[in-house]
Amino acid sequence: MSVLPWLQPHWHHLCDYSSQNRVPQALLISGNKGLGKLQLATQYAASLLCANPQPSGLACAHCNSCLLFKAQTHPDFIQLQPEEPVKTITIGQIRQLISRLTLKPQFDKYRVIIIHPAELMNKAAANAFLKYLEEPTERTVVILITHKPTRLLPTIVSRCQKLIINQPDISIINSWLKQHTEQHDVNLLLNLAQGSPLLALHYAKEDTLSLRKDCFEAWINISNQRNHPVIVAENWFKLTAPSLLTWLTTWVIDLIRCHYPTSSTVLYNPDFKDRLQRLTEKIDLKDLYELYDLVLMRQKLLDTSINKQSLFEEILITWADLNLKTQK
Ligand SMILES: [Zn+2]
C-alpha cells in the first residue's frame, strides 16, 4: 500500500529520521480524525522493522520481518489500544507493556510500539507511561497517535518529537477521492465527512448518501405527521449508523441558518436546501435553538452506555411536538 498523497511530506520527514539514524524514541502524531494517522504510523513501523526497505522508504513486504508483521505476529511490534471500544487504556496495560520493554528486541533492528488513541490513557496509565519515557529502552520507538493532543499530559507531549498532520489541501483530497470512487458528488461526501478523506471514501463505498437521504425523508415526514417519531426512532436504532446523530445535528443547524436568509452561509446539506428552507419558515427560531441544545447534549452521551433508541425517541418526539405547535 502506498502512502496517502497528503501524507507524503510527512512520510519523507519520517524517512529522513531513519536515513540519518536519528529515529526518535517517542513520536507524537496528531491531527484531525480520518486523515490516516494510524496508517502512516503502521507504515513507518513496518519500515523500521523491515530488513530491506524500498528506495521509497516503505517496507519490502517480503523479508522475514515483513511477513511476521503482516501476520501480526512480529515480536518487536506492539499496538496498544483500549481493550474494549469506548474504554480507556489502563495502567495494567501500560505496566504489561513496560515489563515487555525491559527485554531486548528480538531482532537486531528497532522495536516499535503504537499507542492509539493515546489520549485514552487514563491518568494512572499516563503517569506510568511518563516514567517509562524518562528512561526509555534502547532501539525502541513509541508512536503515540491522537486527535486530541491537549488531553495528553504536557510532560508526555514535551518528551515526544511531534508530527502534526494539518488538514490537507482540498484539491489533493478531491482528486484522490475521484480516483477511488464511482460517486461523483465528492464535495458532498467530503462535507458530510467533515473534511476527512478516509471517512468520505467509506461513505462512498457504503452508499451512505442514499441512507442519509432516506433518514432525512423520515425526519421530514415526522414534521408533517406522516411518520411517528417512536417508529422512526426504532428504525434508526436498528440502522446503527454511527453518524446519524451528527447528520441530524447538521439538519438542525441548517434549519437555523436558513432562518437568516440574508446571510450567505454555506449549508452542511446543500442538496436539501429547498426543503429545509420551506420547513424553517413554519418553525419558531427559539424552538429550533432548544432542539439544537438538546441534540448537542445527547450527542455527548453517545459514547456512554445510554439506550440509543430512547435517545432518538426523545429527540424525535421533541421534533414532532415542535412542528405540531407551529401548526396550531
Ligand atoms: Zn521487509
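Biologist: What makes a residue buried, exposed or partly exposed here?

Modeller: A residue is called buried if 20 or more other C-beta atoms lie within 10 Å of its own, exposed if 12 or fewer do, and partly exposed in between, with the C-beta atoms placed from the backbone. This is a predicted model, in which local features need pLDDT of at least 70 and side-chain atom pairs count only at pLDDT 80 or more, while totals for chains, interfaces and linings use all residues. Residues are numbered from 1 along each chain as its sequence is written.

Biologist: Which residues of helix α9 are buried, and how do you know that they line one face of the helix?

Modeller: Helices (H or I, at least four residues) and strands (E, at least two) are DSSP runs, numbered from the N terminus, and in α9, residues 197-205, the buried ones are P197, A200, L201, Y203 and A204. Seen down the axis of α9, they fall within an arc of 160 degrees (taken from the directions from the helix axis to the C-beta atoms), so they line one face. These buried residues pack against α7 (170-180), α8 (186-192) and α10 (208-223).

Biologist: What makes β4 largely enclosed by the rest of the structure?

Modeller: Six of the seven residues of β4 are buried, so the strand is largely enclosed.

Biologist: What makes a set of residues a nonpolar core, and which members of the largest one touch the most others?

Modeller: Such a core is a set of buried Ala, Val, Leu, Ile, Met, Phe, Trp, Tyr and Cys residues joined through C-beta atoms within 7 Å. The largest has 44 residues, of which I29, A45, V112 and I143 touch the most other members. α2 gives the most to this core, with seven residues.

Conventions: Two residues are in contact if their C-beta atoms, placed from the backbone, lie within 7 Å.
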